[in-house]
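Biologist: I would like to learn how to read a protein structure, one feature at a time. Could you take me through some examples?

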Amino acid sequence: MTVKEFKLPDVGEGVAEGELVSWQVSPGDTVSEGDIVAEVETDKALVEVPSRYDGTVKELFAEEGDMVPVGDVIISFEVGGTEGGDAEAEAPDTEGEPGAPAEEAETDTEEATSAETPDGRVFAPPAARKLARELDVDIGEVEGSGPGGRISEADVRAHAESAEVHDETADGTAVTPGEGEAPAEPTGADASETVSADAGPRAERDTTLAVPATRALAEELGVDIHAVPTEKTRDGEAFVEEADVRAFAEREEEGATAAGAEAAGADATAEPAREETVPYRGVRRTIGEQMATSKYTAPHVTHHDTAEIDELVETREELKRTAEEKGVRLTYMAFVLKAVVAGLKEYPILNSELDEEEEVIRLKNYYNIGIAVATDAGLMVPVVKNVDEKGLLEIADEVQELATKARERTISPQEMQGGTFSITNFGAFGGEYATPIINYPETAILGLGAIEERPVVEDGEVVAAHTLPLSLAIDHRVIDGAEAAKFTNTVKEYLAEPTKLLL
Amino acid sequence: MVVGDVTTGTEVLVIGAGPGGYVAAIRAAQNGLDTTLVDRDAYGGVCLNYGCIPSKALISATDVAYDARNATEMGVHADPVIHTDEMQEWKEGVVDQLTGGVEKLCKANGVNLMQGEATFVDDSTARIAHGGEGQGSETIAFEHAIVATGSRPIEVPGFEFEHDPIWSSREALEVEEPPEKLLVVGAGYIGMELSTVFAKLGVDVTVVEMLDGIMPGYEDDVTRPVKQRADELGIDFNFGEAASEWEETEGGVVVTTEDEDGEEYTYDADKVLVAVGRQPVSESLDPEAAGVDVDENGFIRTDDQARTNVDNVYAVGDVAGEPMLAHKASNEGIVAAEVIAGEPAALDQQAIPAAVFTDPEIATVGMTEAEAEEAGFEPKIGQFPFRASGRALSTGESEGFVRIVAEQEAGFVLGAQIVGPEASELIAELGLAIEMGATLEDVASTVHTHPTLAEAVMEAAENANGEAIHTLNR
């Protein structure tokens, strides 16, 4: 039997980490290749992670709720001797070294033995042992700097700091003492790199090695790459990876908050909590980041108008039965999608993307329409692809399916990518007008109010008519108000006379 | 709930006011927890009332008399007259002062004191039955409980303590008039301490012990000076015999013992002191009602935070297992109180020292040579005999030695055994050395006052390193 370790695979384009939502297996379970072992929520979707091996689950390295970077070992299997497996995920023998990836296991063991004595005793004064407990450090893992390896308080602190950095690189969240986080175990995707015990939370270097993408990220996040702590080296120079930069940037941001939270934590023992915290990560954080990017990048202008849709209401009523016979619930959304595509074809500038680097506006000749869906986890935008090539029923069916998947969180990242224009149906919850935020880098989004009978003026008389309030937000860098109004007029026309859609 | 019950509530209920319980209660209160301390008897527990403190008082008093009588070598000739009743009065004064102090400390720290016997109702309530007729009882709701109910002397079947001539250590320590002949069953530390006290009071003491030597937990060379002194005091030892029965005779008792081969021996005595060990007090508390597991010996098992299998119930001291030592109880009490207060406390001591107040004293901490070997160390040993100590010779007490056990490579101190004058005091330095991860070099290089007994510790460390000045290095 050999032990195979399995790393969190790249579950989708550009996904750096995922929250381990649930384990589908426990140690001792027998699994076959392809069996689902875990569910991981990335910043884009909930993904099922299949096993690559036939064998028995040996150990789980992450807890439900942990943030796991792509490439970190999450599970190990015991498999029959001849198993080929994935070279990258292979681990010769990592028995008894939980959390340590294959390559590092040996080094770790050595370190541990040098600090330990035959009966596992650690030579450290009580004050150092107490500090270790306070900092949640396993004193057995601390390397002592005193005579014979005696551990001082400074050694414990150094270890705690390096473990903290390590921990952060691993899961992208800052660990503050006393927060009740799991003990910082040296996990580490850092292969055979050397580990320096005193890598502080903020480094000061003159030279830093990093791949260009990492440097770009650092620049984007406003991080001085020489200040990013790392334990990894290449050719004797400090080597920084994207995860380090992200962790550092987050920690810099969270520093002040964490201090505040700690103070609040101390009070909490005396009084019932007046505030609660909910984690800002996963889908929630992605939404937040998306919204901020969009709002701060694209100058938004929202154009409001109302479509009178009595005819559409009738048409839908007529077609509904036919659709139902085919097992499809015909929704207004399908009509709106068709009308929007018709509008986009006339005003392609709304089906575009601004590429500032290349200094071009990319006009898309395909029509992938994103539909914002409210889910328990937050807003998701599944994309109906090539709407122009599809019929009403097909569209209605697809919208329905994607929305269900999004709510059940079985939607794949691919199903939420590649949009060219988005629609948000806030009217489903009531309301008339809103100022939607563009699904960046798209350049426009159409918000739908609630379809209701409202007073309209017809031939000088106020009458009741079914109306659909429209809120079109545009990126004013690319689109001007006139185009927005014209586009909206076109959409209105198609919605007012749905038979036009047949043309 | 019983009619007439009054229910009160507390954050921390500490059951038992001995050195585990009262210390836990004070620390819990210091941490801002609403704390109630309940005891069915007296503040300070067995230690202050019927154990450590009264026995040490009597040991010191009888030592004064004995030393006075045996100082002719120093040119002092005396024949002291002992008034045992006055000795008892003085001892009671010491006890009262200490127990009064405990009560004051508890109150000053805001601990609610309650008298009565606690019984668990479930894992969040206990009933306190107040002693005495018509005192009634009350129910107390708690968030956390610390069980510190301690231990009591083990009874040998047939030798129950309710019979007048059969004494436990408690009765022995309260004696107003010493018996002429005392039979002591058990040569453990309590049996040896009290045999010595009574021998020094002029009592004819005979010891019967089932095993083949005194204080079997200690190494032979450590107990040898104690046995020698006991022999000199005229204590008669009979090993390999177990007390089987006794009967009252005119003016005394006859005790029958039996050896391995079934052969019987009889001993005449006025009183019989049974000192064969102590057992935990847990059953009256009904720990099962709170879901707390108790092992077959009555001990409550705890983790390294003094927590039982029930999350909000802790156990400290004798009831939580060996070693049954007051200082261990206090340490556990502090840890339990701090854990409840949410601090990262843990029982992570490397060693818990132990002292026996025999003549001469024995004190140990950490590992013996054999234990160090068993733990996988290659031990390095250093020893210093008190007969080479100027101070020991000048007190007239020069039996015994200091032995230090260290780890070979860096010389980390692993343990120590001391037999000799003030061993119980000298052990503290070695306890500190072990906890600090000090090496032989650290101890040897620390300048010790001359002339003191403590120099022996330094010399033993030097000896282990082959650098002793006042002994030949081995």
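Modeller: What follows is a walk through several features of this model, which is a predicted one.

Biologist: Next, helices. At what angle do the axes of helix 1 and helix 8 of chain B cross?

Modeller: Helix 1 of chain B covers residues 21-30 and helix 8 of chain B covers residues 326-340; their axes cross at roughly 30° and come within 7 Å. Angles under 35 degrees count as roughly parallel. Helix 1 of chain B is therefore roughly parallel to helix 8 of chain B. The crossing of helix 1 of chain B with helix 8 of chain B is right-handed.

Biologist: Which residues make that contact?

Modeller: From helix 1 of chain B come B:Gly21, B:Val23, B:Ala24, B:Arg27 and B:Ala28. Helix 8 of chain B brings B:Ser330, B:Gly333, B:Ile334, B:Ala336, B:Ala337, B:Glu338 and B:Ile340. Sorted by class, the residues of the contact of helix 1 with helix 8 of chain B are seven nonpolar, three polar and two charged.

Biologist: How are helix 3 and helix 4 of chain B placed against each other?

Modeller: Helix 3 of chain B (residues 52-69) packs against helix 4 of chain B (residues 84-108) at about 140°, and the axes are 9 Å apart. An angle has to be over 145 degrees to count as roughly antiparallel. Helix 3 and helix 4 of chain B are therefore oblique to each other. Their crossing is right-handed. Helix 3 of chain B makes the contact with B:Ile53, B:Pro54, B:Ala57, B:Leu58 and B:Ala61, and helix 4 of chain B with B:Met87, B:Lys91, B:Val94, B:Val95 and B:Leu98. The classes in the contact of helix 3 with helix 4 of chain B are nine nonpolar, no polar and one charged.

Biologist: Now sheets. In what order do the strands of the open sheet in chain B stand?

Modeller: The order is 12-13-14, three strands in chain B with antiparallel pairing. Strand 12 (241-249) and strand 14 (264-269) of chain B each have a single partner strand, so they stand at the edges and one side of each has no neighbour in the sheet. On average, neighbouring strands of this sheet are turned by 25° against each other, direction ignored. Strand 12 of chain B is joined to strand 13 of chain B (residues 252-259) by eight bridges. As an example of a position to look up, B:Ala243 stands opposite B:Thr257 in strand 13 of chain B.

Biologist: Is strand 22 of chain B mostly covered or mostly open?

Modeller: Mostly covered: eight of the eight residues of strand 22 of chain B are buried. Strand 22 of chain B runs antiparallel to strand 19 of chain B (residues 361-366), with six bridges between them. In that pairing B:Ala363 has B:Ile418 as its bridge partner. Strand 21 of chain B (residues 401-407) also pairs with strand 22 of chain B in the antiparallel sense, over six bridges. There B:Val413 is the bridge partner of B:Ala406. The hairpin of strand 21 and strand 22 of chain B has five residues between the strands, and B:Gly411 in this hairpin takes a positive phi near 80°.

Biologist: What should I know about the backbone in general?

Modeller: Most residues other than glycine have a negative phi, and most peptide bonds are trans.

Biologist: Which residues other than glycine have a positive phi here?

Modeller: Among them are B:Asp286, with phi near 55°, and B:Glu422, with phi near 55°. B:Asp286 lies in the loop between strand 16 (278-280) and strand 17 of chain B. B:Glu422 lies in the loop between strand 22 (413-420) and helix 11 (423-436) of chain B.

Biologist: Where are cis peptide bonds found?

Modeller: One of them joins B:Glu322 and B:Pro323, with omega about -10°. B:Pro323 is in the loop between strand 17 (313-315) and helix 8 of chain B. Another cis bond runs from B:His450 to B:Pro451, with omega near -5°. B:Pro451 is in the loop between helix 12 (440-445) and helix 13 (455-464) of chain B.

Technical notes:
Residues numbered from 1 in each chain as written. Chains lettered and ligands numbered in written order. Predicted model: local features only at pLDDT ≥ 70, side-chain atom pairs only at ≥ 80, totals over all residues. Axes fitted to C-alpha atoms, helices over the stretch in contact; angles between N-to-C directions. Helix = DSSP H or I, 4+ residues; strand = E, 2+ residues; numbered from the N terminus. Parallel < 35°, antiparallel > 145°, perpendicular 65-115°, else oblique. Left-handed = near helix turned anticlockwise from the far one by under 90°. Contact = placed C-beta atoms within 7 Å. Nonpolar A, V, L, I, M, F, W, Y, C, P; charged D, E, K, R; others polar. Buried ≥ 20, exposed ≤ 12 C-beta atoms within 10 Å, placed from the backbone. Pairing = 2+ DSSP bridges.
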